[in-house]
Amino acid sequence: MNEAYRYFLIFLGALLIYNILLIRFIALCPLIGVSTQVETSIGMAMSVLFVMTMATTASWVAWNYILEPLGVGEFLYIPVFILIIASLVQFTEMFIKKVSPPLYRAMGIYLPLITTNCAVLAAATESVKPGFLKLNIPYNFSLPEALIYTIGVALGFGLVLIIFACIRERLETSPIPHSFKGAPIAFIIAALLSLAFMGFANLLGL
Amino acid sequence: MDLSLVWKAALALGALSFLFGALLAIAYLFFKVETDPRLDELLEAVLGSNCGACGYPGCEPACEAVLKGEAGVDVCVAGGQKCADAVAKIMGVEATVSERGVALVHCKGGLSESTPKAIYRGIDSCAAADKIAGGFKACDYGCLGLGTCKDACPVNAIFLDENRCRQVDRERCTGCGLCVEVCPRGLIELVPRDQEALVMCNSADKGAKARKTCSVSCYACKKCEKVCEFDAIEVVNNCARIDYEKCTQCGKCIEACPNDVIVRVKPAKEHGKAPSAVA
(Lines give C-alpha, C1' and ligand atoms only; values in the text may rest on other atoms or scores of the structure.)
Protein backbone atom coordinates (compact mmCIF):
# COMPACT_ATOMS: atom_id res chain seq x y z
CA MET A 1 0.00 0.00 0.00
CA ASN A 2 1.56 3.28 -0.95
CA GLU A 3 2.02 6.02 1.63
CA ALA A 4 -0.48 8.62 0.37
CA TYR A 5 -3.19 6.02 -0.18
CA ARG A 6 -2.73 4.73 3.37
CA TYR A 7 -3.14 8.27 4.75
CA PHE A 8 -6.23 8.70 2.62
CA LEU A 9 -7.72 5.44 3.90
CA ILE A 10 -7.05 6.33 7.52
CA PHE A 11 -8.62 9.72 7.07
CA LEU A 12 -11.68 8.45 5.21
CA GLY A 13 -12.14 5.60 7.64
CA ALA A 14 -12.11 7.95 10.63
CA LEU A 15 -14.29 10.55 8.92
CA LEU A 16 -17.07 8.49 7.40
CA ILE A 17 -16.82 4.74 7.49
CA TYR A 18 -16.24 4.48 11.23
CA ASN A 19 -17.78 7.83 12.09
CA ILE A 20 -17.38 8.33 15.80
CA LEU A 21 -20.91 9.62 16.40
CA LEU A 22 -23.14 7.69 14.06
CA ILE A 23 -21.39 4.36 13.56
CA ARG A 24 -19.73 3.81 16.89
CA PHE A 25 -22.04 5.94 19.05
CA ILE A 26 -19.31 7.53 21.10
CA ALA A 27 -19.90 11.05 22.47
CA LEU A 28 -23.66 11.01 22.19
CA CYS A 29 -24.03 13.67 24.87
CA PRO A 30 -22.82 16.58 22.71
CA LEU A 31 -24.77 15.13 19.76
CA ILE A 32 -28.00 15.68 21.68
CA GLY A 33 -26.85 18.45 23.99
CA VAL A 34 -25.22 21.07 21.76
CA SER A 35 -27.04 20.48 18.50
CA THR A 36 -29.99 22.81 18.98
CA GLN A 37 -28.34 25.69 17.11
CA VAL A 38 -25.98 25.57 14.14
CA GLU A 39 -23.84 28.35 15.59
CA THR A 40 -23.11 26.61 18.87
CA SER A 41 -22.53 23.28 17.15
CA ILE A 42 -19.87 24.91 14.96
CA GLY A 43 -18.25 26.30 18.11
CA MET A 44 -18.27 22.86 19.69
CA ALA A 45 -16.87 21.22 16.53
CA MET A 46 -13.99 23.71 16.40
CA SER A 47 -13.20 23.23 20.09
CA VAL A 48 -13.20 19.46 19.70
CA LEU A 49 -10.96 19.60 16.61
CA PHE A 50 -8.46 21.75 18.47
CA VAL A 51 -8.42 19.82 21.75
CA MET A 52 -8.45 16.43 20.02
CA THR A 53 -5.45 17.23 17.86
CA MET A 54 -3.45 18.53 20.82
CA ALA A 55 -4.50 15.62 23.04
CA THR A 56 -3.52 13.00 20.47
CA THR A 57 -0.10 14.57 19.91
CA ALA A 58 0.60 14.64 23.64
CA SER A 59 -0.79 11.15 24.18
CA TRP A 60 1.27 9.77 21.31
CA VAL A 61 4.44 11.23 22.82
CA ALA A 62 3.54 9.98 26.31
CA TRP A 63 2.76 6.49 25.01
CA ASN A 64 5.80 6.06 22.80
CA TYR A 65 8.42 7.71 25.00
CA ILE A 66 7.19 7.11 28.57
CA LEU A 67 4.56 4.41 28.94
CA GLU A 68 5.82 1.90 26.40
CA PRO A 69 9.54 1.99 27.34
CA LEU A 70 8.61 1.57 31.02
CA GLY A 71 6.17 -1.21 30.17
CA VAL A 72 3.34 0.35 32.15
CA GLY A 73 1.11 1.42 29.26
CA GLU A 74 -1.21 -1.53 29.50
CA PHE A 75 -2.73 -0.49 32.82
CA LEU A 76 -1.79 3.19 33.04
CA TYR A 77 -3.04 4.58 29.76
CA ILE A 78 -6.44 5.79 31.01
CA PRO A 79 -5.21 7.89 33.97
CA VAL A 80 -2.33 9.29 31.90
CA PHE A 81 -4.50 10.22 28.90
CA ILE A 82 -7.18 11.74 31.14
CA LEU A 83 -4.49 13.74 32.90
CA ILE A 84 -3.17 14.96 29.56
CA ILE A 85 -6.61 15.89 28.23
CA ALA A 86 -7.70 17.65 31.42
CA SER A 87 -4.47 19.66 31.62
CA LEU A 88 -4.70 20.59 27.96
CA VAL A 89 -8.27 21.78 28.30
CA GLN A 90 -7.36 23.83 31.35
CA PHE A 91 -4.43 25.33 29.49
CA THR A 92 -6.49 26.05 26.39
CA GLU A 93 -9.13 27.76 28.49
CA MET A 94 -6.58 30.05 30.13
CA PHE A 95 -4.85 30.73 26.84
CA ILE A 96 -8.04 31.66 24.98
CA LYS A 97 -9.32 33.75 27.88
CA LYS A 98 -6.15 35.83 27.72
CA VAL A 99 -5.63 36.00 23.98
CA SER A 100 -9.14 36.26 22.62
CA PRO A 101 -11.97 37.14 25.03
CA PRO A 102 -14.65 37.05 22.30
CA LEU A 103 -13.63 33.53 21.31
CA TYR A 104 -13.61 32.59 25.00
CA ARG A 105 -17.15 33.90 25.37
CA ALA A 106 -18.23 31.94 22.32
CA MET A 107 -16.52 28.68 23.31
CA GLY A 108 -16.43 29.19 27.08
CA ILE A 109 -19.09 26.70 28.07
CA TYR A 110 -17.91 23.96 25.76
CA LEU A 111 -14.29 23.84 26.82
CA PRO A 112 -14.89 22.36 30.29
CA LEU A 113 -17.36 19.94 28.72
CA ILE A 114 -14.68 18.61 26.39
CA THR A 115 -12.60 17.53 29.41
CA THR A 116 -14.95 14.63 29.93
CA ASN A 117 -15.80 14.13 26.28
CA CYS A 118 -15.50 10.46 25.47
CA ALA A 119 -14.70 11.20 21.81
CA VAL A 120 -11.43 12.91 22.77
CA LEU A 121 -10.33 10.02 24.96
CA ALA A 122 -11.42 7.54 22.30
CA ALA A 123 -9.44 9.28 19.56
CA ALA A 124 -6.35 9.61 21.75
CA THR A 125 -6.49 5.97 22.80
CA GLU A 126 -7.25 4.58 19.38
CA SER A 127 -4.51 6.42 17.62
CA VAL A 128 -1.75 5.28 19.96
CA LYS A 129 -2.73 2.07 21.68
CA PRO A 130 -2.88 -0.94 19.34
CA GLY A 131 -5.92 -3.12 19.63
CA PHE A 132 -8.58 -0.41 19.91
CA LEU A 133 -8.95 0.60 16.31
CA LYS A 134 -11.54 -1.23 14.28
CA LEU A 135 -10.13 -0.05 10.94
CA ASN A 136 -8.94 -2.75 8.61
CA ILE A 137 -5.46 -1.25 8.43
CA PRO A 138 -2.28 -2.55 9.99
CA TYR A 139 -0.79 -0.19 12.52
CA ASN A 140 1.15 1.11 15.01
CA PHE A 141 0.51 4.62 13.88
CA SER A 142 3.38 6.99 13.32
CA LEU A 143 2.78 10.53 14.59
CA PRO A 144 1.60 11.91 11.20
CA GLU A 145 -0.75 8.95 10.82
CA ALA A 146 -2.10 9.44 14.33
CA LEU A 147 -2.69 13.11 13.57
CA ILE A 148 -4.46 12.38 10.31
CA TYR A 149 -6.61 9.81 12.04
CA THR A 150 -7.50 12.29 14.80
CA ILE A 151 -8.31 15.10 12.42
CA GLY A 152 -10.54 12.67 10.52
CA VAL A 153 -12.35 11.74 13.72
CA ALA A 154 -12.76 15.38 14.76
CA LEU A 155 -14.00 16.46 11.31
CA GLY A 156 -16.39 13.50 11.28
CA PHE A 157 -17.66 14.61 14.67
CA GLY A 158 -18.09 18.19 13.45
CA LEU A 159 -19.72 17.13 10.18
CA VAL A 160 -22.37 15.05 11.87
CA LEU A 161 -22.93 17.58 14.66
CA ILE A 162 -23.52 20.38 12.17
CA ILE A 163 -25.76 18.28 9.90
CA PHE A 164 -27.71 17.28 12.97
CA ALA A 165 -28.01 20.89 14.18
CA CYS A 166 -29.29 21.99 10.75
CA ILE A 167 -31.98 19.32 10.86
CA ARG A 168 -32.95 20.18 14.43
CA GLU A 169 -33.29 23.87 13.60
CA ARG A 170 -35.83 22.96 10.94
CA LEU A 171 -37.58 20.58 13.32
CA GLU A 172 -38.33 23.59 15.54
CA THR A 173 -41.00 24.78 13.14
CA SER A 174 -42.27 21.38 12.03
CA PRO A 175 -45.57 19.97 13.23
CA ILE A 176 -44.24 17.21 15.47
CA PRO A 177 -46.63 15.23 17.69
CA HIS A 178 -46.42 16.58 21.22
CA SER A 179 -44.97 13.44 22.78
CA PHE A 180 -42.11 13.35 20.24
CA LYS A 181 -40.96 16.92 20.74
CA GLY A 182 -37.41 17.54 21.91
CA ALA A 183 -35.12 14.62 22.68
CA PRO A 184 -37.30 11.74 21.32
CA ILE A 185 -37.44 13.11 17.76
CA ALA A 186 -33.72 13.95 18.03
CA PHE A 187 -32.92 10.32 18.75
CA ILE A 188 -35.10 9.16 15.85
CA ILE A 189 -33.28 11.58 13.53
CA ALA A 190 -29.96 10.31 14.88
CA ALA A 191 -31.02 6.76 14.06
CA LEU A 192 -32.00 7.71 10.50
CA LEU A 193 -28.74 9.58 9.99
CA SER A 194 -26.91 6.56 11.33
CA LEU A 195 -28.67 4.38 8.77
CA ALA A 196 -27.46 6.73 6.05
CA PHE A 197 -23.88 6.55 7.31
CA MET A 198 -24.07 2.75 7.44
CA GLY A 199 -24.13 3.02 3.66
CA PHE A 200 -20.41 3.78 3.71
CA ALA A 201 -19.63 0.40 5.24
CA ASN A 202 -17.12 -1.69 3.27
CA LEU A 203 -16.20 1.27 1.09
CA LEU A 204 -12.67 0.70 -0.34
CA GLY A 205 -12.44 -2.51 1.65
CA LEU A 206 -12.39 -0.77 5.05
CA MET B 1 5.58 -10.88 40.55
CA ASP B 2 7.57 -7.98 39.32
CA LEU B 3 7.48 -5.23 41.90
CA SER B 4 9.52 -2.86 39.79
CA LEU B 5 6.32 -2.21 37.83
CA VAL B 6 4.89 -0.44 40.88
CA TRP B 7 7.82 1.93 40.97
CA LYS B 8 7.68 2.52 37.26
CA ALA B 9 3.95 3.24 37.30
CA ALA B 10 4.24 5.56 40.28
CA LEU B 11 7.17 7.29 38.65
CA ALA B 12 5.46 7.72 35.29
CA LEU B 13 2.17 9.00 36.67
CA GLY B 14 3.83 11.08 39.36
CA ALA B 15 6.28 12.70 36.96
CA LEU B 16 3.52 13.49 34.47
CA SER B 17 1.28 14.94 37.20
CA PHE B 18 4.16 17.04 38.47
CA LEU B 19 5.01 18.18 34.95
CA PHE B 20 1.45 19.17 34.07
CA GLY B 21 0.86 20.78 37.45
CA ALA B 22 3.98 22.89 37.07
CA LEU B 23 3.16 23.79 33.47
CA LEU B 24 -0.35 24.88 34.42
CA ALA B 25 1.00 26.97 37.29
CA ILE B 26 3.47 28.70 34.98
CA ALA B 27 0.77 29.18 32.36
CA TYR B 28 -1.49 30.68 35.01
CA LEU B 29 1.16 33.24 35.91
CA PHE B 30 1.54 34.18 32.27
CA PHE B 31 -2.06 34.13 31.19
CA LYS B 32 -3.77 35.37 34.32
CA VAL B 33 -6.56 37.75 33.41
CA GLU B 34 -7.09 40.49 35.93
CA THR B 35 -10.79 40.76 36.59
CA ASP B 36 -12.44 43.15 38.96
CA PRO B 37 -13.32 41.10 42.07
CA ARG B 38 -16.56 43.04 42.23
CA LEU B 39 -17.67 41.38 38.98
CA ASP B 40 -18.34 38.07 40.70
CA GLU B 41 -20.17 39.81 43.53
CA LEU B 42 -22.28 41.71 41.00
CA LEU B 43 -23.13 38.51 39.16
CA GLU B 44 -24.39 37.12 42.47
CA ALA B 45 -26.38 40.27 43.15
CA VAL B 46 -28.34 40.40 39.89
CA LEU B 47 -31.02 37.87 39.04
CA GLY B 48 -28.73 35.88 36.80
CA SER B 49 -31.26 34.41 34.39
CA ASN B 50 -29.74 36.17 31.33
CA CYS B 51 -33.18 37.44 30.40
CA GLY B 52 -31.84 40.42 28.46
CA ALA B 53 -34.51 42.81 29.68
CA CYS B 54 -31.81 45.33 30.61
CA GLY B 55 -30.72 45.63 26.98
CA TYR B 56 -27.38 43.90 27.45
CA PRO B 57 -26.74 40.48 25.88
CA GLY B 58 -26.56 38.80 29.28
CA CYS B 59 -25.92 39.30 32.95
CA GLU B 60 -22.13 39.35 32.64
CA PRO B 61 -21.96 42.15 30.01
CA ALA B 62 -24.52 44.07 32.09
CA CYS B 63 -22.36 43.78 35.21
CA GLU B 64 -19.27 44.81 33.25
CA ALA B 65 -21.19 47.87 32.08
CA VAL B 66 -21.99 48.71 35.70
CA LEU B 67 -18.29 48.47 36.59
CA LYS B 68 -17.38 50.74 33.70
CA GLY B 69 -20.02 53.21 34.79
CA GLU B 70 -21.99 52.81 31.57
CA ALA B 71 -25.02 51.42 33.35
CA GLY B 72 -26.64 52.50 36.57
CA VAL B 73 -27.06 50.35 39.67
CA ASP B 74 -30.63 49.63 38.59
CA VAL B 75 -29.34 47.76 35.52
CA CYS B 76 -31.17 44.58 36.49
CA VAL B 77 -34.65 45.77 35.66
CA ALA B 78 -36.15 42.37 36.35
CA GLY B 79 -34.58 42.21 39.82
CA GLY B 80 -36.21 45.43 40.96
CA GLN B 81 -35.40 47.18 44.18
CA LYS B 82 -33.82 44.17 45.86
CA CYS B 83 -31.18 43.71 43.16
CA ALA B 84 -30.58 47.44 42.82
CA ASP B 85 -29.91 47.66 46.55
CA ALA B 86 -27.47 44.75 46.39
CA VAL B 87 -25.69 46.21 43.36
CA ALA B 88 -25.58 49.65 44.96
CA LYS B 89 -24.04 48.16 48.11
CA ILE B 90 -21.24 46.57 46.08
CA MET B 91 -20.65 49.74 44.10
CA GLY B 92 -20.91 51.89 47.22
CA VAL B 93 -23.74 54.18 46.15
CA GLU B 94 -27.39 54.75 47.04
CA ALA B 95 -30.06 53.14 44.92
CA THR B 96 -33.43 54.33 43.81
CA VAL B 97 -35.49 52.28 41.45
CA SER B 98 -39.09 51.90 40.51
CA GLU B 99 -40.93 48.72 41.42
CA ARG B 100 -41.23 46.14 38.64
CA GLY B 101 -44.62 44.67 38.05
CA VAL B 102 -45.76 41.16 37.36
CA ALA B 103 -47.00 39.91 34.01
CA LEU B 104 -50.74 39.63 33.51
CA VAL B 105 -52.42 38.17 30.43
CA HIS B 106 -55.70 39.98 29.94
CA CYS B 107 -57.66 36.92 28.86
CA LYS B 108 -59.01 33.78 30.49
CA GLY B 109 -60.59 32.21 27.45
CA GLY B 110 -59.15 28.77 26.88
CA LEU B 111 -60.37 26.19 24.35
CA SER B 112 -63.54 25.44 26.31
CA GLU B 113 -64.58 29.07 26.84
CA SER B 114 -63.65 30.69 23.58
CA THR B 115 -65.65 29.98 20.42
CA PRO B 116 -63.46 28.65 17.60
CA LYS B 117 -63.59 30.12 14.13
CA ALA B 118 -61.35 27.62 12.38
CA ILE B 119 -59.01 24.75 13.00
CA TYR B 120 -55.39 25.82 12.97
CA ARG B 121 -52.69 23.36 11.95
CA GLY B 122 -49.69 25.61 11.33
CA ILE B 123 -46.54 26.57 13.14
CA ASP B 124 -46.87 26.65 16.91
CA SER B 125 -46.54 30.39 17.13
CA CYS B 126 -49.13 32.98 18.08
CA ALA B 127 -47.69 35.51 15.65
CA ALA B 128 -48.09 33.09 12.72
CA ALA B 129 -51.62 32.08 13.73
CA ASP B 130 -52.60 35.71 14.22
CA LYS B 131 -51.52 36.58 10.67
CA ILE B 132 -53.82 34.01 9.05
CA ALA B 133 -57.31 35.48 8.78
CA GLY B 134 -56.98 37.09 12.20
CA GLY B 135 -56.48 33.91 14.17
CA PHE B 136 -58.53 30.77 14.65
CA LYS B 137 -60.71 32.04 17.48
CA ALA B 138 -63.89 34.01 16.97
CA CYS B 139 -62.56 36.61 19.41
CA ASP B 140 -60.11 38.89 17.63
CA TYR B 141 -58.61 40.17 20.87
CA GLY B 142 -58.10 37.10 23.05
CA CYS B 143 -55.21 34.78 23.73
CA LEU B 144 -54.44 32.24 20.99
CA GLY B 145 -52.92 29.86 23.50
CA LEU B 146 -49.99 28.69 21.38
CA GLY B 147 -47.47 29.71 23.98
CA THR B 148 -45.28 32.30 22.30
CA CYS B 149 -45.11 34.10 25.65
CA LYS B 150 -44.25 30.80 27.33
CA ASP B 151 -41.30 30.30 24.98
CA ALA B 152 -40.11 33.86 25.55
CA CYS B 153 -40.17 33.65 29.34
CA PRO B 154 -36.62 33.20 30.64
CA VAL B 155 -37.70 31.94 34.07
CA ASN B 156 -40.50 29.54 33.05
CA ALA B 157 -43.11 31.58 34.84
CA ILE B 158 -45.71 31.12 32.08
CA PHE B 159 -47.22 27.75 31.31
CA LEU B 160 -50.23 26.39 29.43
CA ASP B 161 -52.86 24.32 31.21
CA GLU B 162 -54.88 21.48 29.65
CA ASN B 163 -57.36 24.03 28.40
CA ARG B 164 -54.56 25.70 26.35
CA CYS B 165 -55.01 28.75 28.50
CA ARG B 166 -51.78 30.20 29.74
CA GLN B 167 -51.23 30.85 33.43
CA VAL B 168 -48.61 33.09 34.98
CA ASP B 169 -46.77 31.88 38.04
CA ARG B 170 -46.81 35.23 39.78
CA GLU B 171 -44.21 34.22 42.34
CA ARG B 172 -41.74 33.27 39.63
CA CYS B 173 -42.37 36.19 37.29
CA THR B 174 -39.57 38.71 37.49
CA GLY B 175 -41.39 41.38 35.49
CA CYS B 176 -38.72 41.50 32.81
CA GLY B 177 -41.38 42.29 30.20
CA LEU B 178 -40.14 39.98 27.42
CA CYS B 179 -43.58 38.39 27.09
CA VAL B 180 -45.18 41.83 26.73
CA GLU B 181 -43.13 42.40 23.60
CA VAL B 182 -43.74 39.05 21.91
CA CYS B 183 -47.52 38.81 22.32
CA PRO B 184 -48.91 39.65 18.85
CA ARG B 185 -52.19 40.77 20.38
CA GLY B 186 -50.70 43.00 23.06
CA LEU B 187 -52.55 41.10 25.78
CA ILE B 188 -49.85 41.12 28.39
CA GLU B 189 -49.32 43.97 30.79
CA LEU B 190 -47.08 44.42 33.81
CA VAL B 191 -49.28 45.17 36.79
CA PRO B 192 -48.17 46.13 40.32
CA ARG B 193 -47.21 43.18 42.46
CA ASP B 194 -49.68 44.01 45.22
CA GLN B 195 -52.66 44.41 42.86
CA GLU B 196 -55.31 41.81 43.70
CA ALA B 197 -58.28 42.66 41.48
CA LEU B 198 -57.60 42.03 37.79
CA VAL B 199 -59.63 42.26 34.60
CA MET B 200 -59.18 39.10 32.58
CA CYS B 201 -60.43 40.29 29.21
CA ASN B 202 -59.24 42.47 26.37
CA SER B 203 -62.20 42.23 24.01
CA ALA B 204 -63.19 45.45 22.28
CA ASP B 205 -66.23 43.81 20.77
CA LYS B 206 -69.65 45.23 21.62
CA GLY B 207 -71.90 43.38 24.08
CA ALA B 208 -73.73 40.96 21.82
CA LYS B 209 -70.68 39.94 19.79
CA ALA B 210 -68.51 39.65 22.88
CA ARG B 211 -71.04 37.27 24.42
CA LYS B 212 -71.08 35.11 21.30
CA THR B 213 -67.33 34.83 20.90
CA CYS B 214 -66.47 33.81 24.42
CA SER B 215 -68.21 32.64 27.58
CA VAL B 216 -65.92 34.62 29.86
CA SER B 217 -65.76 37.91 27.98
CA CYS B 218 -66.33 41.42 29.24
CA TYR B 219 -69.42 42.69 27.43
CA ALA B 220 -69.20 46.19 28.85
CA CYS B 221 -72.23 46.07 31.17
CA LYS B 222 -70.57 48.78 33.25
CA LYS B 223 -71.79 47.24 36.54
CA CYS B 224 -68.26 47.40 37.92
CA GLU B 225 -67.97 51.02 36.96
CA LYS B 226 -71.14 51.86 38.89
CA VAL B 227 -70.27 49.85 41.98
CA CYS B 228 -66.75 51.22 42.42
CA GLU B 229 -66.59 53.87 45.15
CA PHE B 230 -63.15 55.08 44.23
CA ASP B 231 -63.65 55.77 40.56
CA ALA B 232 -60.93 53.26 39.91
CA ILE B 233 -62.58 51.18 37.20
CA GLU B 234 -63.75 52.40 33.86
CA VAL B 235 -65.06 50.74 30.73
CA VAL B 236 -62.93 51.89 27.84
CA ASN B 237 -63.46 50.60 24.34
CA ASN B 238 -66.03 48.01 25.53
CA CYS B 239 -63.73 46.50 28.14
CA ALA B 240 -63.24 47.23 31.85
CA ARG B 241 -59.93 48.77 32.86
CA ILE B 242 -58.69 49.20 36.42
CA ASP B 243 -56.66 52.23 37.46
CA TYR B 244 -54.15 50.55 39.77
CA GLU B 245 -53.28 53.85 41.46
CA LYS B 246 -56.82 54.38 42.67
CA CYS B 247 -57.85 50.76 43.31
CA THR B 248 -58.06 49.77 47.00
CA GLN B 249 -58.68 46.04 46.36
CA CYS B 250 -62.12 46.32 48.04
CA GLY B 251 -63.50 43.65 45.74
CA LYS B 252 -66.90 45.19 44.98
CA CYS B 253 -66.32 45.00 41.23
CA ILE B 254 -65.42 41.33 41.56
CA GLU B 255 -68.79 40.61 43.19
CA ALA B 256 -70.63 42.80 40.72
CA CYS B 257 -69.18 41.27 37.56
CA PRO B 258 -71.83 38.96 36.09
CA ASN B 259 -69.40 37.02 33.94
CA ASP B 260 -66.49 36.51 36.37
CA VAL B 261 -64.21 38.56 34.18
CA ILE B 262 -62.78 40.46 37.14
CA VAL B 263 -60.98 38.07 39.43
CA ARG B 264 -59.11 38.27 42.69
CA VAL B 265 -55.60 36.84 42.85
CA LYS B 266 -53.16 36.52 45.69
CA PRO B 267 -50.70 39.44 45.71
CA ALA B 268 -47.39 38.30 44.29
CA LYS B 269 -44.70 38.34 46.92
CA GLU B 270 -41.21 39.55 46.26
CA HIS B 271 -39.76 36.94 43.97
CA GLY B 272 -36.77 34.86 44.92
CA LYS B 273 -33.56 34.35 42.97
CA ALA B 274 -34.22 33.11 39.47
CA PRO B 275 -32.86 29.68 38.62
CA SER B 276 -29.62 30.20 36.74
CA ALA B 277 -29.54 29.33 33.07
CA VAL B 278 -28.39 25.80 32.24
CA ALA B 279 -25.08 25.65 30.41
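This is a predicted model: local features need pLDDT of at least 70, side-chain atom pairs count only at pLDDT 80 or more; totals for chains, interfaces and linings use all residues.
Leaving out residues up to four places away in sequence, Val120(A) touches Val48(A), Val51(A), Met52(A), Ala55(A), Ile85(A) and Ile114(A).

Now widen the view to the core around it. Val120(A) is among the residues with the most contacts inside the largest nonpolar core, as are Val48(A), Ala55(A), Ile85(A) and Phe157(A). This core has 58 residues. Which helix gives the most to this core? Select helix 3 of chain A, which supplies 11 residues. Chain B takes part too: helix 1 (4-31) of chain B is one of the elements that give two or more residues to the core. In general, nonpolar side chains tend to be buried together in soluble globular proteins.

Next, colour the two chains differently and look at where they meet. The contact takes 20 residues from chain A and 16 residues from chain B. On the chain A side, helix 3 (38-70) and helix 4 (73-99) each give two or more residues, and helix 4 of chain A gives the most, with 11 residues. That side has 14 nonpolar, 4 polar and 2 charged residues.

Finish in chain B with helix 2 (residues 37-45) and helix 4 (residues 80-91), whose axes are 9 Å apart at an angle of about 165°. Because of that angle, helix 2 of chain B is roughly antiparallel to helix 4 of chain B. To see their contact, show Arg38(B), Glu41(B), Leu42(B) and Ala45(B) from helix 2, then Cys83(B), Ala86(B), Val87(B) and Ile90(B) from helix 4. These residues divide into 6 nonpolar, no polar and 2 charged.

Terms used. Residues are numbered from 1 along each chain as its sequence is written. Chains are lettered from A and ligands numbered from 1 in the order in which they are written. Axes are lines fitted to C-alpha atoms, for helices over the stretch in contact, and angles run from 0 to 180 degrees between N-to-C directions. Helices (H or I, at least four residues) and strands (E, at least two) are DSSP runs, numbered from the N terminus. Angles under 35 degrees count as roughly parallel, over 145 as roughly antiparallel, 65 to 115 as roughly perpendicular and the rest as oblique. Two residues are in contact if their C-beta atoms, placed from the backbone, lie within 7 Å. Ala, Val, Leu, Ile, Met, Phe, Trp, Tyr, Cys and Pro count as nonpolar, Asp, Glu, Lys and Arg as charged, and the others, Gly among them, as polar. A nonpolar core is a set of buried Ala, Val, Leu, Ile, Met, Phe, Trp, Tyr and Cys residues joined through C-beta atoms within 7 Å. A residue is buried if 20 or more other C-beta atoms lie within 10 Å of its own, exposed if 12 or fewer, and partly exposed in between; C-beta atoms are placed from the backbone.
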